[in-house]
Structures are given as C-alpha cells and as structure tokens.
Amino acid sequence: MKRVTMADETVLRQARTLVPVLYQLGRVMRLQGVDEAGLGQLPPSELEVLRYVAESPGVSVGTLARDLGLHASNVSATVRALVARDLVRREPDPHDRRAVRLHATVDAAHGSARVEESWARLFADALAELDDDQRAAVTCAAPALGALADRLRARRAAERS
C-alpha cells in the first residue's frame with residue numbers, strides 16, 4: 001500500500017471539497033435546459049448516451065456501454081428510446097452485417113445545439129449573479145477542470161484496457 005504523505009492529505013482534502021460541488025453542479029445542469037430546449041422529458045441517461053453518440057459517430061452499443069460504465073442492456077434500452085424519438089439511427093456495420101453502428105440524427109444535432117445554448121443561458125444567468133471575483137475564478141478554472149476531466153477519462157480508459 002502506498003504511504004500517504006502530507007501533500008497527498010492536502011490533495012485529498014481539496015478533492016473532498018470539490019467533488020460534492022462538481023457533482024451538484026453537473027446534476028443541476030443535466031436536469032435543466034432540456035425542457036427549455038424543446039426536447040421534452042429527456043432523462044439524463046438518454047442525454048448522456050445521445051451526447052456520446054453525437055461525439056463518436058459510428059460507435060457500437062458495446063463500446064458505448066463500456067466507455068460510459070453502463071450495462072449493455074441498459075444502453076440498448078436507452079438507444080431504443082432514442083431511436084423511437086428519432087434522435088439516434090442504427091446502421092449496419094459495413095464490415096460485419098451482424099453489428100450495428102449508432103449515429104445521431106439531424107434532429108439530435110439541432111436538439112443538442114438547443115440544449116447547449118439553453119445550458120449556456122442558464123449558466124450565464126447564474127454567473128451574472130456572482131460578484132466579479134467569483135465569476136473570474138469560475139471562468140479561470142475552466143481549463144484546469146477540462147484537464148482534470150481529461151485525466152479522469154484517461155485513467156478510466158487505462159483501467160479498461
């Protein structure tokens with residue numbers, strides 16, 4: 001077992017402060033904006049799958065499940081719901097006719113753009129209520145938070161391989 005150093009304890013305390021705040025922020029953002037964008041009741045799981053498919057056209061259900069850390073059966077059900085909403089389409093894999101590749105539809109692209117815009121407006125409204133120093137701190141944290149997300153994704157990918 002790794003020996004915990006004073007620096008490790010400091011980083012752990014910082015993480016304990018950040019994790020609940022980031023989780024709460026992510027949850028609030030996921031639960032708002034979808035209705036405002038005109039997509040109706042799109043559950044967070046469907047939104048997460050839709051965003052992944054839009055970012056990774058041609059992804060398989062298995063890869064999608066693995067990368068999102070979900071059971072394939074849950075992803076299959078979510079994909080069926082998105083297909084029924086005409087937000088995702090299934091296409092046969094050109095190299096293996098038994099396999100299916102997923103693609104976001106034009107409606108999904110337009111809906112996703114509306115969700116992103118809705119989130120930006122909701123976020124902007126809340127940012128405007130912060131004082132200048134708080135707003136600057138949040139804005140300056142964006143690159144570091146992006147780097148943190150990249151590190152977490154890389155670790156997850158390394159653990160799976």
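**View 1. The largest nonpolar core of the predicted model**. This core holds 20 residues, of which Val49, Leu50, Val53, Leu64, Leu82 and Leu102 touch the most other members. A nonpolar core is a set of buried Ala, Val, Leu, Ile, Met, Phe, Trp, Tyr and Cys residues joined through side-chain atoms within 4.5 Å; buried means under 20% relative accessible area, exposed over 50%, and partly exposed in between (1.4 Å probe, protein chains only). Two or more residues each come from α2 (44-55), α3 (61-68), α4 (72-84) and α5 (106-128), and α2 gives the most, with five. Helices (H or I, at least four residues) and strands (E, at least two) are DSSP runs, numbered from the N terminus. Residues are numbered from 1 along each chain as its sequence is written, and side-chain values use heavy atoms, with hydrogens and water left out. In this predicted model, local features need pLDDT of at least 70 and side-chain atom pairs count only at pLDDT 80 or more, whereas totals for chains, interfaces and linings use all residues.

**View 2. Surroundings of Leu64**. Not counting residues up to four places away in sequence, Leu64 touches Val49, Tyr52, Val53, Val59, Val75, Val79 and Leu102. Contact means heavy atoms within 4.5 Å.

**View 3. Packing of α2 with α3**. The two helices pack at an angle of about 115 degrees, with their axes 11 Å apart; axes are lines fitted to C-alpha atoms, for helices over the stretch in contact, and angles run from 0 to 180 degrees between N-to-C directions. From α2, Glu48, Val49, Tyr52 and Val53 meet Thr63, Leu64, Asp67 and Leu68 of α3. By class, this contact has five nonpolar, one polar and two charged residues (Ala, Val, Leu, Ile, Met, Phe, Trp, Tyr, Cys and Pro count as nonpolar, Asp, Glu, Lys and Arg as charged, and the others, Gly among them, as polar).

**View 4. Packing of α3 with α4**. The axes of α3 and α4 come within 9 Å and cross at roughly 115 degrees. Val61, Leu64 and Ala65 in α3 meet Ala72, Val75, Ser76 and Val79 in α4, a contact with six nonpolar, one polar and no charged residues.

**View 5. Thr78 in helix α4**. Thr78 counts as buried because its relative accessibility is 11%. Its contacts, not counting residues up to four places away in sequence, are Ser45, Glu46 and Val49.

**View 6. The β1-β2 hairpin**. Strands β1 (residues 88-93) and β2 (residues 96-104) pair in the antiparallel sense over six bridges; two strands pair if DSSP finds at least two bridges between them.
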